[in-house]
Amino acid sequence: MEIQRPRGTRDFLFKEMKERKYVENVLRRIFEIYGYSEIKTPIFEELSLFTTKSGEGIKEQIYHFQDKGGRNLALRPELTAPVARLYLNELQKSPKPIKMYYFGSCFRYERPQAGRFRQFWQFGCELVGAKSPGSEAEIIAMAAHCVEELGLDDCEIHIGNLGILRSILADEGVFGEKQDQVMGLIDKRDVEGLKSLLKDLQIGSKSRNILLKLIDMVGHREILSDVEELIKDNENAYKALKELEELLKSLEAFGFSDYIINLGIARGLDYYTGTVFEIYVHGLGAQKQISGGGTYNLIQVFGGEKVESTGFAFGFDRVMEALKKQKAKIPVAKTVDVFVAPIKEDTKLKAFEIAQKLRKVGISTDVDLTGRKLKKVLSHADNLGTSYVILVGARDLKDGKVTVKNMKTGAQEMVDVDDVAAELKNKLLQTGMI
RNA sequence: GCCGGGGUAGGGUAGGUGGUUAUCCUACGGGACUGUGGAUCCCGCGACUCGGGUUCGAAUCUCGGCCCCGGCCCCA
């Protein structure tokens, strides 16, 4: 009976792991360039952290359990709640703004599907205590920077503002759950459902028309004047729109103008307050969204003071999938640059010695550990893609030499044992291999 | 939870209207080959997802489970 990997989980082998590592490092580098510092929170938390944020119903989709002490715990299904908790526990009185980023796996009990797994990774950040159009713009610019640096094509960054829709609904006396219902339908692009719900809620025909027009507003800067015309009578919506304009100005100052304004983004949750944005990659099927974020008031949900924060996260697995689908070149380093092969058993120890010398000068080196025949060893070195093999034989050693073989050309040369590390280092540097 | 398509050596595959020993590539072990023959050739190793049913006989037909792929629902 073979033991299987749990449903919806994956094993990552060498090559894939190198690719993931590369992408991870690119993201880390960029987040740090923008001044973010890494944090790490536990893989499991109190179950109530998540039910407080998202409601009891969420338990359906969470791996939760009782530990031996009777504590109700859950594998984290997302990272924004743990980060908010961390802020409350440790950072409330730290100088603002706080810029933090995280990378870690999350767990959801869901039906696995394209781009959807039961264990998946999120790479994201949180900017606490600096709510302003400028800080939102900086985050979006950083997200765009990541996308560019990774070489992701066919990406769209959609930016919206929930304040506009919410203000119009509020004016009609639609709040709370009702408002969320409307936002949910808008997010789903369910126009028919929306129309009938607006009718049930007895929304005035003027507001109704505004809403229906607004959610179709998708485009660049030029649509803003139409929006303004549409909502100018609603003070709060107008304010939100001005906020959005301010954000876009900042975003352009940060050097990014390839955005799409999309007032139909709703992100159903009520703790989102203003700016929201999502990144889509076409050609990813049902799970085309690789990233989402915005400004929210999550700290308050957990009983902290009112501090707004802005954050977003990349669905790391979806980023990988998009790169793979687009056949992006992900640099994958060779396992080792040099292989040390004793020609016969009698030079095995000398081979170990030489291998170690190379390693000490920073050359990634493998040495034969199997005692196989030379032919097999060379074949193995070839499979590994090594650039050079050092052949260590008794005959050469008598003159204090070893043979360095270039695996690409087959060319060989004799080198003094004492010089071999330095010589190879030079060769590798010259050819740009290290 | 629902709908559709799948599951054959470690990896990639052929076979599928039931009938000798299940195909090929690769990887791995050995040999031709005692110090450079990473080539070639030969030999070996190794698989029908699991369980029930139909049948003289099932990888093949059928039912169910598990898992994978795609879609619906959901998506914090």
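Throughout these legends, a residue is called buried when its relative accessible area is under 20% and exposed when that area is over 50%, with partly exposed in between (1.4 Å probe, protein chains only). Helices (H or I, at least four residues) and strands (E, at least two) are DSSP runs, numbered from the N terminus. This is a predicted model, in which local features need pLDDT of at least 70 and side-chain atom pairs count only at pLDDT 80 or more, while totals for chains, interfaces and linings use all residues; side-chain values use heavy atoms, with hydrogens and water left out. Residues are numbered from 1 along each chain as its sequence is written, and chains are lettered from A and ligands numbered from 1 in the order in which they are written.

**View 1. Helix H16 and its buried side.** Welcome to helix H16, residues 420–430, where Val420, Ala421, Leu424, Lys427 and Leu428 are buried. Seen down the helix axis, the buried residues of H16 fall within an arc of 130 degrees, so they line one face of the helix; the arc is taken over the directions from the axis to the C-beta atoms. On the face turned away from that buried side you will find the exposed residues Ala422 and Gln430. The cover over the buried residues of H16 includes helix H13 (348–360) and strands E13 (338–342), E15 (388–392), E16 (401–406) and E17 (412–416).

**View 2. Helix H10 from start to end.** The 19 residues of H10 (235–253) span 27 Å from first C-alpha to last, close to the expected 27 Å at 1.5 Å a residue; the expected span is 1.5 Å times one less than the number of residues. At the start of H10, look for a side-chain oxygen of asparagine 234 within 3.1 Å of the backbone nitrogen of asparagine 236. Past the helix comes glycine 255, with a positive phi near 90 degrees. Buried residues of H10 include Ala237, Leu241, Glu245 and Ser250. Among the elements they pack against are helix H4 (133–150), strand E7 (155–161) and helix H9 (223–231).

**View 3. Two nonpolar cores.** A nonpolar core is a set of buried Ala, Val, Leu, Ile, Met, Phe, Trp, Tyr and Cys residues joined through side-chain atoms within 4.5 Å. The largest has 106 residues, and Phe31, Ile159, Leu214 and Phe314 have the most contacts inside it. Helix H4 gives the most to this core, with 10 residues. Apart from this core lies another, of 19 residues, among them Ile354, Ile390, Val404 and Val415.

**View 4. Serine 309 in strand E12.** Serine 309 sits in strand E12, residues 309–315, and is buried, with a relative accessible area of 2%. Its side chain is joined to that of glutamate 126 by a polar contact of 3.2 Å. Within protein, such a contact is a pair of N or O atoms within 3.5 Å, one able to donate a hydrogen and the other to accept it, and residues adjacent in sequence count only if both atoms are side-chain atoms.

**View 5. The surroundings of RNA strand B.** Here 41 residues surround RNA strand B, and the closest are Lys53, Arg372, Lys375, Asp382 and Arg395; a residue is near the strand if one of its heavy atoms lies within 4 Å of it. Helix H14 (374–384) is one of the elements that supply at least two residues of the surface near RNA strand B, and H14 gives the most, with 7 residues. A polar side-chain atom of arginine 7 lies 3.0 Å from a phosphate oxygen of RNA strand B.

How values were computed
Contact means heavy atoms within 4.5 Å.
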